[in-house]
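Open the model in your viewer and keep the selection tool ready. Here is a short tour, stop by stop.

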Amino acid sequence: MGVLYCLMSLGVNFIYGIMKVINWAIGEFFMIGAYVQYLLIVFFLGVRYWYIGVLIAALCTFLLGALVQKILIKPMFVGIIEEKMEYATIVTIAMAILFRNLAIFIGGPFIYTPPDYAPPTRIGPLPVSGNNVIAFIGTIIILAFFFYFLKRTWIGKAFQAVSQNRPGVLTAGIDVLKFDMIAFGIGTALAGAGGALLAPVLLVYPLCGVIPTVRGFEIIVIGGLGSIPGVFVAGLSLGIAESLGAAFINPSFVDIYGFGLLMLILLIKPYGLFGKPERSV
Amino acid sequence: MLKYRFNSVGLLLLLLIAIVLPFYLADYWIHSLTVALYYVIMAVTWNLLGGYTGQFSLSHHTFAVIGSYTSALLIIRIGTPLWMGIVSSCIFNAFISLLLGILCLRMRGIYLALTTWAFAEIVKSYIRMDFQFTGGDRGLNTPLFFKTIDPLPYYYLFLAFAVITILIIAIIMRSRIGYYIRAIRNDELAAQAMGVNTVRWKVFSFMVASVLASMAGTLYGHFIGLVSPVLGEFSEMAFIIIFVVIGGMRSQAGPVVGTISVRFLAEVLRKWPEVRMVIFASVVILIMRFFNGGLIEFLRKVYQRIRHGKDGESVSVFQKME
């Protein structure tokens, strides 16, 4: 499961890196992705074309995220809003509540079970659920595309530049506001694709984004906000802490060990393992 | 001077109305008013922390939960008398908030929000999981404060406590400490340079807010006779933020007005819980986006327009600083 949470963490982290904003509603974009995927494969495409569904779900969440950014988050950068951090936190938390309750209102508080993407398979001697395998491979493919995009293409390099120095990029002739919008869209699209891939594993219901969000945030904070190698190290250490805690202390408190690790790391290194202190100008 | 007297007379009138009101209401509405008063206390104290001091804590509801659980556990497991349970839960909470405050001081901005959020989740899942000690999801039955389920005495208890809380916050904000706190929010570096002990006052406001919240939580536990992890859900925190933002952040009366009006609307829309949350969330987004002052600023503008017959100079809450 560790790789799957990476999509969430990367989504949040990418947005934070570019815009210095935490998207508390990322779990709801995950949920929307799952709903879109469910609708598509049950009513329009059929199970055989689930991969098209994933793409469309990612596209939908991309558009929605870009729209949300254009309407709600962009004013932060044009000087209308004075309290940036507070504004972003309140607005995204309110957005999370809004989407969650809209989902209950439209779809009802039911759990939908999409059909399986693949039959159970065996890897060596291990019987594995086909859905997990597909989610794992799909995540790796998406991550590979994402990194190729970020490291090799011109636009990806522009994104890296925006996260390093906004005014500097502006002088180089890059439209920062437009890139913000696309970045927010990509971050939410990562979450949406995650939701679509995981739909048969975690099932589809209004609160299905909560668990991945919790893990995603833990990973981000432990690894340090805005740091991409941090995501992988933190994901690994979180997994180790949880299994060690479950083995040696008490297996029923698995959820707590991750948070305990988080508090411990923040106590020693207030900006996470790989994070840089915020620069105040 | 005249305006000041008018204000105090108006406030006394409001208090009088609040005292007389329950005689004309059904028990159900008294009960909801009491619950609303609990949220008033939470919103007002969070306003001190998140609004005035700028420490965006997301674990405010958790202190209420810790308070109610401490008191309930002491009474049930050890058999302490009720007043001792309440007092010791206060002291315990002061201790915990001191620890968390010291931990959080090293962080700023978004890390504080994330850490307090993590703390809230830890406490919630601990209470959920440790079934034998805390009762798990089923909660604990606590003894009632007045040994009766008639809401009237609880209403007065909460009213008194809410008034005391509002007074405490008002006194703090009018004293030297209030200026320190606002200075910290506006520019922490500048405040430090001017000789304000930012560390001490941040912990101070964190502790005051948490202890008052825990008192409210404890009383609430003894009012409904049940403590359960539901009060520790993140949606409680979201509710507190909704109250404060709709009422108007960084104003004395804002959270009170916001809480009462939103709770009233919530009671009216009780049948459609999703719809009401959708409405509140959209209102919060709209207020944050277009109209920073919230309800209280709106009322002030309307009042000015009636009073002066024209649009008064528009002073946003952010510039006004009071």
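**Ground rules.** This is a predicted model, in which local features need pLDDT of at least 70 and side-chain atom pairs count only at pLDDT 80 or more, while totals for chains, interfaces and linings use all residues. Residues are numbered from 1 along each chain as its sequence is written, chains are lettered from A and ligands numbered from 1 in the order in which they are written, and side-chain values use heavy atoms, without hydrogens and water.

**Confidence.** The model scores ipTM 0.79 and pTM 0.84. Where pLDDT is low, the predicted coordinates should not be read in detail.

**Helix H10 of chain A.** Select residues 228–248 of chain A. Helices are DSSP runs of H or I with at least four residues, strands are runs of E with at least two, and both are numbered from the N terminus. H10(A) has 21 residues and reaches 31 Å from first C-alpha to last, close to the 30 Å expected at 1.5 Å a residue; the expected span is 1.5 Å times one less than the number of residues. Its buried residues are A:Gly230, A:Val231, A:Ala234, A:Leu238, A:Ala241, A:Glu242 and A:Gly245. Look down the axis of H10(A): these fall within an arc of 100 degrees, so they line one face. The arc is taken over the directions from the helix axis to the C-beta atoms. On the other side, A:Pro229, A:Leu236, A:Ala247 and A:Phe248 are exposed. Buried means under 20% relative accessible area, exposed over 50%, partly exposed in between (1.4 Å probe, protein chains only).

**An aromatic pair.** Show A:Tyr35 and A:Tyr112. Their ring centres are 6.1 Å apart and their planes at 75 degrees, so the pair is edge-to-face. Rings of Phe, Tyr and Trp (its six-membered ring) pair if their centres lie within 6.5 Å; planes under 30 degrees apart are stacked, over 60 edge-to-face, the rest tilted. A:Tyr35 is in helix H2 and A:Tyr112 in the loop between H4 and S1, 77 residues apart.

**A buried alanine.** Finish at B:Ala118, in helix H5 (residues 110–129) of chain B. What is its relative accessibility? It is 0%, so B:Ala118 counts as buried. Beyond four places in sequence, B:Ala118 is in contact (heavy atoms within 4.5 Å) with A:Phe259 and A:Leu262.
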